[in-house]
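Here is a short briefing on strand pairing and aromatic contacts. Please have the model open as you read.

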Amino acid sequence: MAAKRLFRYAMNFKRSILIALAALMVAVGADVFSPIVAKTMIDRHITGIESVWVETHDARQAVSYHGRHYKRLVYASAEEKKGKKWTIVQAGRNFYFVKGRVETGGKNTYRDGKLYMTYNGKTASYRAEKISYAGVLRFYSPEIPYILKLLILYFGLYVVSGFGQFTQYFYLQKAANRIIQKMRNDLFIHLQKLPIPFLTTCRPERLSRASPMIRKPSTNCMWLCCQTFSAAWFILPAFILQCFCSTGNLRLSACC
């Protein structure tokens, strides 16, 4: 019964509540999406140079190294993918240039001019050339524009999240205070309509507690509604992402 009455009071200020919930959706959405942006930036661009490269004659998105141009396989066209392939592999703090296409992600060690790679319990050795620090920076050069864009997007999402949290808090508090104001006004109107014998026989402390007791239930109800909605909005995108990942239909890096 009390919940129904409180709901009817809230409906008088549904505009502020809807604005607060919309701002909360924006803030939570930004919080959910920001780790995806960070993951894409790290996996695809920061650690992405440790991958397969192809020789090409097209200088766009390519790196000049020892008088030849190399392009990451993910950026190469269908015709360029037919070219000679090389692989950049990291061993310790250094990067090495290996001819051909080799598996990465295993345990790598370099000694005596050869790179020993252990992958799935099997060890293979390849002749490798150590890339200088200037060369590593050169291979990172095609990724820098993407990294900067994702960094701007990442920090922009935090700005959006902060603005959404502030807007949600402001309008939710505004709605809660307006509800409390209306409930107190209705209470005082009701008290003024009561007969004089009730006011003379009722204990004074009961009347003094009537107004402060209004604030706590209404404020707690608004806070609980906000927290429930926020939790549901957090869980829903995670559930959708998990469903897409399990079926193999999600490509997080496709947007970059």
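Strands β1 and β4 (residues 85-91) run antiparallel to each other and are joined over three bridges; two strands count as paired if DSSP finds at least two bridges between them. This is a predicted model, in which local features need pLDDT of at least 70 and side-chain atom pairs count only at pLDDT 80 or more, while totals for chains, interfaces and linings use all residues. Residues are numbered from 1 along each chain as its sequence is written, and side-chain values use heavy atoms, with hydrogens and water left out.

- Helices (H or I, at least four residues) and strands (E, at least two) are DSSP runs, numbered from the N terminus.
- Strand β1 covers residues 52-56, and four of its five residues are buried, where buried means under 20% relative accessible area, exposed over 50% and partly exposed in between (1.4 Å probe, protein chains only).
- On the β4 side, Trp53 stands opposite Trp86.
- β1 also pairs with strand β3 (residues 68-72), again in the antiparallel sense, over four bridges.
- In that pairing, Thr56 faces His69 of β3.

**Aromatic pairs**

- There are 14 aromatic pairs in the structure; rings of Phe, Tyr and Trp (its six-membered ring) pair if their centres lie within 6.5 Å, with planes under 30 degrees apart counted as stacked, over 60 as edge-to-face and the rest as tilted.
- One of them joins Tyr70 and Phe97 edge-to-face, at 5.2 Å centre to centre with 85° between the planes.
- This pair connects distant parts of the chain, since Tyr70 lies in strand β3 and Phe97 in strand β5 (residues 94-99), 27 residues apart.
- Tyr70 is buried, with a relative accessible area of 4%, and Phe97 counts as buried at 3% relative accessibility.
- Tyr96 and Tyr110 form a stacked pair, because their ring centres are 4.2 Å apart and their planes lie at 25°.
- The Tyr96–Tyr110 pair likewise links distant parts of the chain: Tyr96 is in strand β5 and Tyr110 in strand β6 (residues 107-111), 14 residues apart.
- Tyr96 counts as buried at 4% relative accessibility, whereas Tyr110 counts as partly exposed at 32%.

**A ring cluster and a charge over a ring**

- Which residues do ring pairs link into a cluster? They are Trp53, Tyr65, Tyr70, Trp86, Phe97 and Phe139.
- Arg111 lies over the face of Tyr116, at 4.1 Å from the ring centre; a charge sits over a ring if NZ of Lys or CZ of Arg is within 6 Å of the ring centre and within 35 degrees of the ring normal.
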